[in-house]
Amino acid sequence: MITIIADPNSQKRKHFITLVMKYVKPGAGSSIEFLSNRTWTHPVTNLNDIIKQAPFVVVGGVATRLYMPERMTLDLDILIKAEDAKLIYQDLEKANGQKVGELSIPGSQWKLNDGTSLDVLEFEGNWVIESLNNPNYAPDGLPIIDLPYLVLMKIIAGRSQDLADISRMLGGAKDGQLEQVKKVINQYLPNALEDLESLIILGKLEQK
């Protein structure tokens, strides 16, 4: 059974999209070559060497590197099943990670031995299992959340930067990827489908 995710940021998201659509013009001031560039220039901690007892996927700003031009960020965010939290935290402690505190959403913040800030996001649901079972992989072997589930997470978060990321990622996505994104959003957050279409349009306009 598919559980529909709550969408508390719906009105804020619609207001943002309406405002941007009012003023947007084709083009972004960046070349098509830049917008289509995918790099992994800035190395991050390889969590595969630390987390061994349960699956995880990298989310957040680092994950976007696979789907849009890279931006400088070394802080890491990972998604795990809530039921695996104890195992994940055992691995982090074994690697001399230090818990900094709790997040405002389910999960906690950690400081790794090399100084890296790590946010561990604990969620439940079919979409979490699907995203953990079907990751993409970075050049260094880190498991990265697949595009449809990254879009889903960013829609749920609803911040302006998240919506801008969605637009840029989908602007450069292929038709098959877009269909997969729409399928996942329709399953888990159908109320956001219309807004998703608008974000795709904005992303495509940036590519012109």
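Modeller: Helices (H or I, at least four residues) and strands (E, at least two) are DSSP runs, numbered from the N terminus. The model is a predicted one, in which local features need pLDDT of at least 70 and side-chain atom pairs count only at pLDDT 80 or more, while totals for chains, interfaces and linings use all residues. Residues are numbered from 1 along each chain as its sequence is written, and side-chain values use heavy atoms, without hydrogens and water.

Biologist: How much space lies in the largest pocket?

Modeller: A pocket is an open set of points on a 1 Å grid where a 1.4 Å probe fits, with protein on both sides within 12 Å along at least five of seven lines, and lining residues have an atom within 4 Å of a point. With the volume taken as the space filled by probe spheres set on the points, joined across faces, edges and corners, the largest pocket holds about 730 Å³.

Biologist: Which helix supplies the largest share of the lining of that largest pocket?

Modeller: The lining of the largest pocket comprises 27 residues, and those closest to its centre are Asp-77, Leu-121, Ala-157, Arg-159 and Asp-162. At least two lining residues each come from helix H3 (60-63), strand E2 (76-81), strand E5 (117-123), helix H6 (147-157) and helix H7 (160-171). The largest share, five residues, is supplied by H6.

Biologist: How many charged residues are in the lining of the largest pocket?

Modeller: Here Ala, Val, Leu, Ile, Met, Phe, Trp, Tyr, Cys and Pro count as nonpolar, Asp, Glu, Lys and Arg as charged, and the others, Gly among them, as polar. Divided in this way, the lining of the largest pocket has 13 nonpolar residues and six polar ones, and its charged residues number eight.

Biologist: How far apart are the C-alpha atoms of Phe-16 and Gly-158?

Modeller: Phe-16 belongs to helix H1 and touches Ser-160 and Leu-163, not counting residues up to four places away in sequence, where contact means heavy atoms within 4.5 Å. Although Phe-16 and Gly-158 are 142 residues apart along the chain, the separation of their C-alpha atoms is 9.6 Å.
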